[in-house]
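With the structure open in a viewer, follow the selections below in order. Each stop names what to pick next and describes what is found there.

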Amino acid sequence: MKTLRSYICGRWHEATSGFAPLVDPSTEEVLAQASSEGIDFGAVLDYARDHGGPALRALTFAQRGALLKDMSKVLRDHRDELLDLSRQNNGTTKGDGSFDVDGASGTLAYYAALSKSLGDRHSLPEGDGVQLAKTDGFWAQHILVPRRGVAVHVNAFNFPAWGFGEKAACALLAGMPVITKPATATALTTERCIELIVAAGILPEGALQLIIGSTGDLLDRLGPQDVMAFTGSADTARKLRNRPSLLAANTRVNVEADSLNAAVLGPDVDPVEGSATFGLFLKDVVREITQKTGQKCTAVRRILVPSDRIAAVQDALISRLGAVVTGNPADAGVTMGPLATAQQLRDAEEGVAELARTARIVHGSGKRSGAKGFFFAPTLLRADDARQAGAVHEREVFGPVATLLPYDASAAAASEIVALGGGILVTSVYSDDAGWVGEFLAHGGGAAGRVYVGSESSAADAPGSGAALPQALHGGPGRAGGGEELGGLVGVKLYLQRVAVQGSKALVNEVAGVSA
Ligand code: NAP
């Protein structure tokens, strides 16, 4: 059986014990095993700090961007192989695998392009300089320079390629070496990504290391210049961010956690065939329930519809969800694969049972389908009292599951119900009435990190609310983790230290590379 390896201290490490299995979720066949036993995590950190950090900091932003471009190319060149690994280990259809694999290469390419505008410099000026005395003999300018530590990336099971790529792109561009740790159960695709990048000899020694399996005492060894960026469940995030060592060292921590994203149908949209906005709403919502079998942090979990239209919307959604073909993505005609692990299947079944205490199932069963494989067909619920829907606003069921909720057509009510989710990644609002959307944003826009407005004028171009594009912020307040990733330079700044440089204007400007 294949044993996955970690890439540490410039070599591949293969454990001999402590293995966890990696399974094909369509067949339940064991594909590989993984363990991090035998790794000296102190040595891994030293290697990054002593080799990767200095080598990256010696490069300019533009030079580091060129490395990202090569990383992107190598992943693109092996796209078919990576899609196949994703199908085997994550149970993805080709389209769902591409969301992850092309998302990784695309994000790396985006940051490579962005680096050109940053130029051949080692620091970035931020904002305008300011005079601090009567003359320009004393002046200040904020600049951003790489932190001197290590970026540790802990990623979720659902994006083995993109999770690695989107975080690594920002850290490497900033000049910080990366230790990436995928979720063990689906690490097959990540291991291959790193293997390809290492074999291509793109990065300086120590700039990128891979841990597959437990992180051992790695997190307890992080210090004040390090960054820990975590993506996963809110429960794990809470445990990790409260580690005494991270708190004591004030290690910079970014959390991207789970989210009860909402789609809101505006009162101006008639749920009829021929309405471009309603057509977009249906297309997006069905995609956001079923893409990656609902295993996306940005998937739609709650669907708010004006009370007098909820029956028509329910019928239209059921008709579309009924056309989804659940099965092994290797089989022709299958449009949605299984959940990724046995644990995810158990969680989804338990989750629907909890939602069913305050909502009723109107489509699907909320149970496993078939005897073999972790298949779970789309399940739609409806709660008639949106404000008393309990778990619907509290429990993220990480599968193709969403709940319809009525509201009274006012923007204020919609935003209040959305905010019951406790802080979310993305809200999608479908309306052609800018006034209503403005009111929604003013009342409750701050409950989400991103608001996606679907309208007649965006119907042809809008990619769906679930796409975390590198140009726009990814992250949300509250239970979504409070983190900020992507968003162009926003995501890079996580790995940069802001320094106020003070001195004479002439000298400060010269040091900061600012023309007078
Ligand atoms: P998870 O169980 O919280 O695990 C996430 C990662 O944390 C895995 O790599 C896991 O490693 C690691 N981990 C768990 N306990 C740890 C510990 N004590 N020390 C160090 N690492 C530890 O989450 P998941 O099931 O993989 O992912 C699903 C969740 O992620 C969902 O809730 C989803 O909403 C969220 N998610 C959020 C985003 C976002 O951007 N906001 C994106 C994707 C997913 P092992 O696998 O080795 O246990």
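**Helices across a sheet**

Begin by selecting helix α13 (residues 434–444), which lies across β13, β17, β18 and β19 and runs at about 160 degrees to β18. Bear in mind at this and every later stop that the model is predicted.

Now colour the strands themselves, which belong to an open sheet of seven strands with mixed pairing, in the order β15-β16-β17-β14-β13-β18-β19. At the edges stand β15 (360–363) and β19 (448–454), and because each has a single partner strand, one side of each is left without a neighbour in the sheet. On average, neighbouring strands of this sheet are turned by 25 degrees against each other, direction ignored. To look at one pairing in detail, select β18 (residues 424–430) together with β19, which pair in the parallel sense over six bridges; Ile424, for example, has Ala448 in β19 as its bridge partner.

**The largest pocket**

Colouring the lining by residue class shows 17 nonpolar, 17 polar and 13 charged residues.

**The second largest pocket**

Then turn to the second largest pocket, which holds about 170 Å³ of space. Select Phe99, Gly103, Trp162, Ala467 and Ala468, which lie nearest its centre among the 14 residues that line it. Helix α4 (residues 94–118) gives the most to this lining, with four residues, and the lining of the second largest pocket divides into eight nonpolar, six polar and no charged residues.

**A residue in helix α4**

Stay with helix α4 for the last stop and select Thr107, which lies in this helix. Is Thr107 buried or exposed? Thr107 counts as buried because its relative accessibility is 3%, against a cut-off of under 20%. To see what surrounds the residue, display Trp162, Glu166, Ala169, Pro470 and Leu486, which Thr107 touches when residues up to four places away in sequence are not counted. Trp162, one of these contacts, is also one of the residues nearest the centre of the second largest pocket.

How values were computed
Residues numbered from 1 in each chain as written. Predicted model: local features only at pLDDT ≥ 70, side-chain atom pairs only at ≥ 80, totals over all residues. Heavy atoms only, no water. Nonpolar A, V, L, I, M, F, W, Y, C, P; charged D, E, K, R; others polar. 1 Å grid on protein atoms, 1.4 Å probe; cavity = no way out; pocket = protein on both sides within 12 Å on 5 of 7 lines; lining within 4 Å. Points joined across faces, edges and corners; volume = space filled by probe spheres on them. Helix = DSSP H or I, 4+ residues; strand = E, 2+ residues; numbered from the N terminus. Buried < 20%, exposed > 50% of the residue type's maximum accessible area, 1.4 Å probe, protein only. Contact = heavy atoms within 4.5 Å. Pairing = 2+ DSSP bridges. Axes fitted to C-alpha atoms, helices over the stretch in contact; angles between N-to-C directions.
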